[in-house]
Amino acid sequence: MTTGVDAGLRARSPRRGLNAAGTAVMVAALVVGWVVVYFIGLVGALWRFREPHAPAPILTMHDQWTDLAVGALQVVVGAIAIGAVYLARRRTLPAVLPLRHGSAREAALTWCAAIGAASAIVLVLSRLNIVRFGFSIPASVESDWLAVVSALAVGLREEPILVALPVLLLVGRMPIWAIMGLSATLRGFLYLYFGGGGFLWAAMWGAAAVWVYYRYRRLWVLILIHGFVMNIQVFDRVIPSDNSATVLQWINILILFAALLWWITPRALDAFLPNTVAVRSNDRAVETTPVVTDVVLNPENVNPDRSRNEPPVKP
């Protein structure tokens with residue numbers, strides 16, 4: 001169902017966009033490009049999905065440098081694709097993209113809350129044996145520092161291609177919910193190595209990433225959160241402490257679920273405390289309590305300390 005905002009934006013666009021066949025060709029090209037760019041990761045995810053109990057892979061220095069080279073290529077391809085699409089649509093994008101709203105802090109809070117919510121939902125479904133969601137055993141590597149660099153760079157490898165590119169390419173031609181669904185599906189396949197629950201988990205926060213970029217237009221926030229917050233436990237490889245993995249994992253959990261609680265609390269208060277009104281000013285919610293004013297029916301009651309016998313003063 002197309003929202004009124006999307007319909008209005010398309011109506012104001014000087015170009016009505018490509019027809020359905022042209023849009024389908026663009027979607028197909030995007031999917032084919034995704035398969036080519038992420039082919040190695042996709043094959044590895046599908047293999048782990050089919051063999052969840054297989055031993056952890058062993059990566060030599062050559063394998064690690066190759067992975068970094070592939071990651072660098074993905075970053076370059078993403079930057080070129082985004083730049084090309086932006087230049088091609090620079091005149092039409094302002095008509096089909098809403099104005100950027102909110103701050104970087106709000107964008108980070110929203111996406112962290114979405115990741116926390118997705119994690120909670122999938123963990124519950126996993127406990128109920130509805131979906132399988134199991135963290136893979138980390139690969140054995142020769143260079144821990146190269147493993148850290150590779151993990152921290154995952155945001156650069158995914159967010160431009162899986163978030164910014166679909167939005168810039170398809171906005172105005174497809175409703176935003178359809179773009180979110182497409183990006184979420186592509187993202188989910190890359191995380192099949194966690195099982196069916198991994199697909200659902202990545203699809204949920206992947207769809208949220210598209211919405212955050214569409215509303216807040218801050219790609220760098222998504223890149224940093226994906227690289228540092230979601231992969232903070234990778235520092236366990238270079239921290240000489242037996243308890244570092246547990247501590248870092250708890251830091252990750254606290255960040256995500258604190259963001260979820262912070263995001264939900266004001267909305268829950270608005271829903272359950274009707275006497276509190278949320279007033280938005282410059283995209284900031286300001287809580288105000290309505291004040292009941294007395295209606296003066298008798299002018300004599302304007303000043304209760306005034307003597308009733310004192311004659312009124314003429315103006």
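In the predicted model, Phe189 is partly exposed, its relative accessible area being 33%, and Phe199 likewise counts as partly exposed, at 24% relative accessibility. The count of aromatic pairs comes to 13. Among them is the pair formed by Phe189 and Phe199, whose ring centres lie 5.2 Å apart with the planes at 75°, so that the arrangement is edge-to-face. This pair links distant parts of the chain, since Phe189 belongs to helix H9 (residues 176–190) and Phe199 to helix H10 (residues 196–216), 10 residues apart. The rings of Tyr191 and Phe194, by contrast, have centres 6.4 Å apart and planes at 45°, and the pair is therefore tilted. Tyr191 counts as buried at 6% relative accessibility, as does Phe194 at 9%. Both residues belong to a cluster, linked by ring pairs, that also contains Trp111, Phe133, Tyr193, Trp201 and Trp205.

Helix packing was examined for H4 (residues 61–88) and H8 (residues 154–170), whose axes come within 9 Å and cross at roughly 20°. Because angles under 35 degrees count as roughly parallel, H4 and H8 are assigned to that class, and the crossing of H4 past H8 is left-handed. The contact involves residues of H4 including Asp67, Val70, Gly71 and Gln74, and residues of H8 including Leu156, Arg157, Pro160 and Ile161; by class, it has 12 nonpolar, 3 polar and 2 charged residues.

Ala108 lies in helix H6 (residues 104–127) and, with residues up to four places away in sequence not counted, touches Val221 and Ile225. The C-alpha atoms of Ala108 and Trp220 are 10.0 Å apart in space, while the two residues are 112 residues apart in sequence.

Definitions and conventions: Residues numbered from 1 in each chain as written. Predicted model: local features only at pLDDT ≥ 70, side-chain atom pairs only at ≥ 80, totals over all residues. Heavy atoms only, no water. Axes fitted to C-alpha atoms, helices over the stretch in contact; angles between N-to-C directions. Helix = DSSP H or I, 4+ residues; strand = E, 2+ residues; numbered from the N terminus. Parallel < 35°, antiparallel > 145°, perpendicular 65-115°, else oblique. Left-handed = near helix turned anticlockwise from the far one by under 90°. Contact = heavy atoms within 4.5 Å. Nonpolar A, V, L, I, M, F, W, Y, C, P; charged D, E, K, R; others polar. Phe/Tyr/Trp six-rings, centres within 6.5 Å; stacked < 30°, edge-to-face > 60°. Buried < 20%, exposed > 50% of the residue type's maximum accessible area, 1.4 Å probe, protein only.
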